Amino acid sequence: KNNICNGVYANKGTSFLNCCKKHCRNIYGDRNNCGRCGHKCGFGQRCCNSKCTNIVSNNKHCGKCGRKCAKGVPCQYGVCGYA
């Protein structure tokens, strides 16, 4: 049985598809299948580049994956320079 979804890059290489429970999932960005099938991210986390990431206080992924705060500006509560 062939599964066209396993090991397929999509969206110009920003997504990587795997078959998880008979469904195609982007393991680079799926909170319920982050990095591999069945690996769920915790509360306040998103799946950024196949790693569960705290987007509440991460200066490289502030509020969402890939949103970088300016140098010296902290990420607080998912917002760059909240205070």
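Q: Hi! What should I keep in mind about the model and the numbering?
A: The model is predicted, so local features need pLDDT of at least 70 and side-chain atom pairs count only at pLDDT 80 or more, while totals for chains, interfaces and linings use all residues. Residues are numbered from 1 along each chain as its sequence is written, and side-chain values use heavy atoms, with hydrogens and water left out.

Q: Thanks! How many disulfides does the structure hold?
A: The structure holds 7 disulfides, a disulfide being a pair of cysteine sulfur atoms within 2.5 Å.

Q: What is the S to S distance for Cys20 and Cys37?
A: For the disulfide of Cys20 and Cys37 it is 2.0 Å. The torsion about the S-S bond of Cys20 and Cys37 is about -80 degrees, so this disulfide is left-handed. Cys20 sits in strand 2 and Cys37 in the loop between strand 3 and strand 4, 17 residues apart. Strands here are DSSP runs of E with at least two residues, numbered from the N terminus.

Q: Is Cys20 buried or exposed?
A: Cys20 is buried, at 6% relative accessible area, whereas Cys37 is partly exposed at 36%. Buried means under 20% relative accessible area, exposed over 50%, and partly exposed in between, with a 1.4 Å probe and protein chains only.

Q: And which hand does the link of Cys34 and Cys47 have?
A: The link of Cys34 and Cys47 is right-handed, with 85 degrees about the S-S bond. Both ends are buried: Cys34 at 1% relative accessibility and Cys47 at 4%.

Q: Where do Cys69 and Cys80 lie?
A: Cys69 lies in the loop between strand 5 (51-54) and strand 6 (75-76) and Cys80 in strand 7 (residues 79-80), so the pair ties together parts 11 residues apart in sequence. As for Cys19, it is in no disulfide; the nearest cysteine sulfur, that of Cys5, is 5.2 Å away.

Q: New topic: how many aromatic pairs are there?
A: There are 2 aromatic pairs. Rings of Phe, Tyr and Trp (its six-membered ring) pair if their centres lie within 6.5 Å; planes under 30 degrees apart count as stacked, over 60 as edge-to-face and the rest as tilted. Phe16 and Tyr28 form a stacked pair, 5.8 Å centre to centre with 25 degrees between the planes.

Q: Which residues form the aromatic cluster?
A: Tyr9, Phe16 and Tyr28 form one cluster. Phe16 is buried at 18% relative accessible area, and Tyr28 is partly exposed at 23%.

Key: Helix = DSSP H or I, 4+ residues; strand = E, 2+ residues; numbered from the N terminus.
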